[in-house]
Amino acid sequence: MSDPTSGSRPPEQLRYATLLDWGAKLGFAVLVLAFAAYVTGVLTAHVPHERLPGLWTLPLEAYLAQTGTPTGWDWLALLAKGEFASISGIAILAACSIPCLLAIVPVYWARGERAMAVIAAVTIAIQLLAASGFLVAGH
């Protein structure tokens, strides 16, 4: 088995893997630090901890109404609140592949692998569309 850090890997794989590694470490660090700040009270909670047991049994609509918790991307306005700061780490982890794919599109394009470049670009577009909230299914 060859060394994964050796130069025998194609440049797009190394670029993708490096960015994914950085993104995963950043997302995990943000998640852990924000959660620690939330549970220790360094960051105040949007919903006080003592209210949670009574709220957990509610249907979603009732929970949202009683707590004033936003839906969709509106959570970004509450990043200073502990539970929403933690979500930012999850969002970073979920978005890790986008910069990785952006970084390999030019490599494929320069090498003349237009189909691979287009596939990576379309994958980025699909992920951004899915994250946008524009396509919403529900009742």
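1. What covers the buried residues of H5? The cover includes H1, H4 and H6. Before going on, keep in mind that this is a predicted model: local features need pLDDT of at least 70 and side-chain atom pairs count only at pLDDT 80 or more, while totals for chains, interfaces and linings use all residues. Residues are numbered from 1 along each chain as its sequence is written, and side-chain values use heavy atoms, with hydrogens and water left out.

2. Let's stay with H5, which runs over residues 97-110. Helices here are DSSP runs (H or I, at least four residues), numbered from the N terminus. With 14 residues at 1.5 Å a residue, H5 should span 20 Å, and its end C-alpha atoms are 21 Å apart, which agrees. The expected span is 1.5 Å times one less than the number of residues. After H5 comes Gly112, with a positive phi near 85°.

3. Now for what H5 hides. Its buried residues are Ser97, Ile98, Cys100, Leu101, Ala103, Ile104, Val105, Val107 and Tyr108. "Buried" means under 20% relative accessible area (1.4 Å probe, protein chains only).

4. Ser97 deserves a look of its own. Its relative accessible area is 17%, so Ser97 is buried. Leaving out residues up to four places away in sequence, Ser97 touches Tyr16 and Gln127; contact means heavy atoms within 4.5 Å. The side chains of Ser97 and Gln127 are also joined by a polar contact of 3.0 Å. That term means a pair of N or O atoms within 3.5 Å; within protein, one must be able to donate a hydrogen and the other to accept it, and residues adjacent in sequence count only if both atoms are side-chain atoms.

5. Gln127 turns up again in the lining of the largest pocket, along with others including Trp73 and Ile98. This pocket has a volume of about 230 Å³. On a 1 Å grid over the protein atoms alone, a pocket is an open set of points where a 1.4 Å probe fits, with protein on both sides within 12 Å along at least five of seven lines; lining residues have an atom within 4 Å of a point. H6 gives the most to this lining, with 4 residues.

6. The second largest pocket has a volume of about 170 Å³. Among its lining residues are Phe35, Tyr38, Glu83 and Phe84. H4 supplies the largest share of that lining, 4 residues.

Notes. Grid points are joined across faces, edges and corners, and a volume is the space filled by probe spheres set on the points. Helices (H or I, at least four residues) and strands (E, at least two) are DSSP runs, numbered from the N terminus. Buried means under 20% relative accessible area, exposed over 50%, partly exposed in between (1.4 Å probe, protein chains only).
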